[in-house]
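Me: I'd like a close look at one part of this model, taken slowly and with the cut-offs spelled out. Here it is.

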Amino acid sequence: MAFILQVDCLCEVFEYLEDDRPTLYSCLLVNRLWCKISVRILWRNIWNIDIYQKDSLRVATSILSTLIACLPDESKEILHENNIFISTPTFNPPLFNYARFCKVLSIDVIDDI
């Protein structure tokens with residue numbers, strides 16, 4: 001019971017931090033529980049980046065690569081068959097299925113990549 005209360009309280013607190021991305025990034029590093037909660041919130045609207053800022057193209061490309069890494073192998077094969085090659089950050093599977101957390105898909109940002 002105490003663990004559930006702790007998780008519920010952390011979720012509520014982290015929801016208030018939704019617009020404070022640097023703080024949420026710091027929460028990723030505290031422990032596994034905080035990481036699980038904060039990553040869900042961070043990836044909810046991951047495309048909320050200013051595409052005109054320095055390094056924004058690199059960030060957007062990394063986001064897209066991470067999402068591609070979350071795809072099942074069959075989907076990756078379909079992309080390759082259609083001559084769509086997007087490198088993934090690593091050969092290891094991602095720690096989370098980040099695509100599951102995404103609630104916003106920004107076609108404009110993807111098109112700019």
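What is the relative accessible area of Glu15, and which class does that put the residue in? Please go on from there to its salt bridges.

Reply: Glu15 has a relative accessible area of 29%, which makes it partly exposed. On this scale buried means under 20% relative accessible area, exposed means over 50%, and partly exposed is in between, using a 1.4 Å probe and protein chains only. Before going on, a word on the source: this is a predicted model, where local features need pLDDT of at least 70, side-chain atom pairs count only at pLDDT 80 or more, and totals for chains, interfaces and linings use all residues. Residues are numbered from 1 along each chain as its sequence is written, and side-chain values use heavy atoms, with hydrogens and water left out.

Now the partners. Glu15 makes a salt bridge with Arg40, at 3.7 Å from N to O; the term means a side-chain nitrogen of Lys or Arg within 4 Å of a carboxyl oxygen of Asp or Glu. Because Glu15 sits in helix H1 (residues 2-16) and Arg40 in helix H3 (residues 32-42), this pair ties together parts that are 25 residues apart in sequence. Arg40 is partly exposed as well, with a relative accessible area of 29%.

Glu15 also has a salt bridge to Arg44, with N to O at 2.8 Å. Here the link runs from helix H1 to the loop between H3 and helix H4 (56-69), so it ties together parts that are 29 residues apart in sequence.

Arg44 then meets Glu18 in a salt bridge of 3.3 Å, N to O. Glu18 lies in the loop between H1 and helix H2 (21-28) while Arg44 lies in the loop between H3 and H4, so this pair ties together parts that are 26 residues apart in sequence. Glu18 is partly exposed, again with a relative accessible area of 29%. A search of the whole structure turns up three salt bridges.

As for the setting, the chain has seven helices and zero strands, counted as DSSP runs (H or I of at least four residues for helices, E of at least two for strands) numbered from the N terminus. Buried residues make up 31% of its 113 residues. Among contacts (heavy atoms within 4.5 Å) with a separation of 6 or more, 57% come from residues 24 or more positions apart.
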